[in-house]
Amino acid sequence: MSETRQPLALPQDEKVGVLLLNLGGPDSLEDVQPFLFNLFSDPDIIRLPRLFRFLQKPLAEFISAARAPKSAEGYASIGGGSPLRRITEEQARLDPRILLVTVFSFSQARALQKSLETKHLPATVYVGMRYWHPFTEEAIEQIKKDRITRLVVLPLYPQFSISTSGSSLRLLESIFRSDEYLVNMQHTVIPSWYQREGYVKAMASLIEKEFSKFPNPEDVHIFFSAHGVPVAYVEEAGDPYKAEMEECVDLIMSELRSRGVKNVHSLAYQSRVGPVEWLKPYTDVKIKELGQNGIKSLLAVPISFVSEHIETLEEIDMEYKELALESGIVHWGRVPALNCDSTFITDLADAVIEALPYVGAMAVSNLEARQALVPLGSVGELLATYDTQRRELPAPVAVWEWGWTKSAETWNGRVAMLAVLVLLVLEIASGKGLLHQWGILPS
Ligand SMILES: C=CC1=C(C)c2cc3[nH]c(cc4nc(cc5[nH]c(cc1n2)c(C)c5CCC(=O)O)C(CCC(=O)O)=C4C)c(C)c3C=C
Ligand SMILES: [Fe+2]
Ligand SMILES: [Fe+2]
């Protein structure tokens with residue numbers, strides 16, 4: 001595609017930056033609880049009714065403490081921490097400080113920076129995580145120090161969700177607003193890119209490659225497993241995630257069909273947390289169903305994330321594999337995450353170059369951009385496109401088992417919930433109580 005592209009005509013004093021946004025994950029087991037605290041403190045993950053917003057932090061404290069042991073077990077089983085930081089930095093660029101820690105790794109961020117260089121775009125690629133180091137705030141500080149004048153913001157989620165890219169963009173918006181340098185810095189956002197040819201082709205190639213590992217490749221059921229979101233995000237807040245996910249799977253399957261692949265496929269949603277309704281079918285339920293229906297060969301394809309992480313390495317490779325084998329599936333395979341796949345990274349570089357003309361421009365007023373499900377645009381405009389009203393959403397986490405759920409919308413549940421919240425506040429305010437005694441809340 002663009003190896004022969006002419007050098008971009010940028011004014012001499014322009015400095016281009018690319019900010020990769022990602023979720024972040026605990027580097028060690030000690031980081032698990034504070035990481036979860038950051039995650040549950042996010043109003044795009046738990047939206048409390050207006051009246052209870054002041055409880056966001058205490059509640060995050062409570063839920064993170066309650067969930068940490070289970071989460072830590074998962075992270076322990078994949079080597080004691082999340083590989084997300086290492087892989088994302090590999091996708092972006094190699095930072096000398098990181099080199100000291102991960103001597104042998106070549107970096108996703110470094111790979112992108114290199115690919116941009118090859119395409120005659122000298123740019124610095126930064127990594128900003130939402131819930132753990134290197135935090136988005138740290139990346140922004142570096143962007144300011146480097147006097148970047150044009151910034152392309154690229155969330156590393158192929159499909160847009162309020163809970164992922166949306167949350168990162170909302171944070172960016174608040175950082176941009178409160179800083180004079182950033183308010184004036186020209187920027188644009190690539191909100192989702194699942195429809196890009198390079199990404200679709202890279203995914204299709206990874207899938208095709210795994211077929212050869214099965215005894216009867218033509219019988220393999222292609223099983224796309226996407227990270228779920230609560231149904232309310234889609235139905236009440238207008239999250240485009242489900243529509244984009246379905247379109248993404250269709251595009252990959254069309255590419256495979258054009259290569260002569262005739263295998264049957266399905267899409268399910270994994271990793272639900274708590275009792276509210278999440279997007280269906282659920283991965284575990286679907287696996288059992290496929291087993292019961294006599295499927296013997298299953299190829300799992302993680303689809304919502306481009307790096308290996310706890311939900312591929314632990315949930316799919318361990319939990320779902322075990323479930324599949326118990327359900328009568330005999331041959332199991334899993335497509336690896338894209339990580340630093342060269343077709344993928346080259347395509348991301350093209351996406352950045354194609355987005356540059358929109359930097360600082362009102363992209364939503366551009367007809368071409370309008371045709372995309374989520375238009376290319378600035379942070380503020382994108383947030384205005386989706387989720388304008390920031391509706392209260394049923395929270396997806398465990399505390400709600402006592403009450404505030406769709407299925408238990410009864411006064412009983414609400415009173416119990418209120419009681420729990422009041423106790424929690426009293427306990428946090430006084431520093432004394434059962435939760436402290438049990439070590440659930442730190443003294
Ligand atoms: C597109 C991907 C993701 C969506 C959508 C998403 C929504 C979402 N997640 C939670 C709760 C948790 N997520 C956790 C980890 C985690 N989540 C994603 C991706 C999406 N989440 C990734 C890649 C990871 C793993 C990071 C890593 O360390 O490797 C966790 C912590 C792990 C655990 O305890 O299971 C929680 C909790 C909610 C509630 C939500 C939507 C509202
Ligand atoms: Fe998640
Ligand atoms: Fe999970």
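**The ligand and the sheet**

Modeller: In this predicted model, helix H1 (32-40), helix H2 (56-77), helix H7 (162-177) and helix H13 (310-326) each supply at least two residues of the shell around ligand 1. The largest share, 4 residues, comes from H1.

Colleague: How many residues surround ligand 1, and which are the closest?

Modeller: The shell has 30 residues, and the closest are Arg67, Ser71, Tyr75, Ser82 and Ile310. By class, 18 are nonpolar, 10 polar and 2 charged.

Colleague: Why is ligand 1 said to lie between domain 1 and domain 2?

Modeller: Domain 1 (16-195 + 340-387) and domain 2 (200-334) both give residues to the shell, so ligand 1 lies between them.

Colleague: What makes the pair formed by tyrosine 75 and ligand 1 a polar contact?

Modeller: The cut-off is 3.5 Å between N or O atoms. A polar side-chain atom of tyrosine 75 lies 2.5 Å from an oxygen atom of ligand 1, and this pair therefore counts as a polar contact. Histidine 227 places a side-chain N or O atom 3.1 Å from a nitrogen atom of ligand 1. For isoleucine 310, a backbone N or O atom lies 3.0 Å from an oxygen atom of the ligand. The protein covers 97% of the 810 Å² of accessible area that ligand 1 has on its own.

Colleague: Why are strand S6 (265-270) and strand S8 (331-334) called edge strands?

Modeller: The open sheet has 4 strands in the order S6-S5-S7-S8, with parallel pairing. S6 and S8 each pair on one side only, and are therefore its edge strands. The twist averages 25° from one strand to the next.

Note on methods: Residues numbered from 1 in each chain as written. Chains lettered and ligands numbered in written order. Predicted model: local features only at pLDDT ≥ 70, side-chain atom pairs only at ≥ 80, totals over all residues. Heavy atoms only, no water. Near = heavy atom within 4 Å. Polar contact = N/O pair within 3.5 Å; in protein donor to acceptor, adjacent residues only side chain to side chain. Areas by Shrake-Rupley, 256 points an atom, 1.4 Å probe, with all protein chains shown as cover. Nonpolar A, V, L, I, M, F, W, Y, C, P; charged D, E, K, R; others polar. Domains from an automatic or database assignment. Pairing = 2+ DSSP bridges. Axes fitted to C-alpha atoms, helices over the stretch in contact; angles between N-to-C directions.
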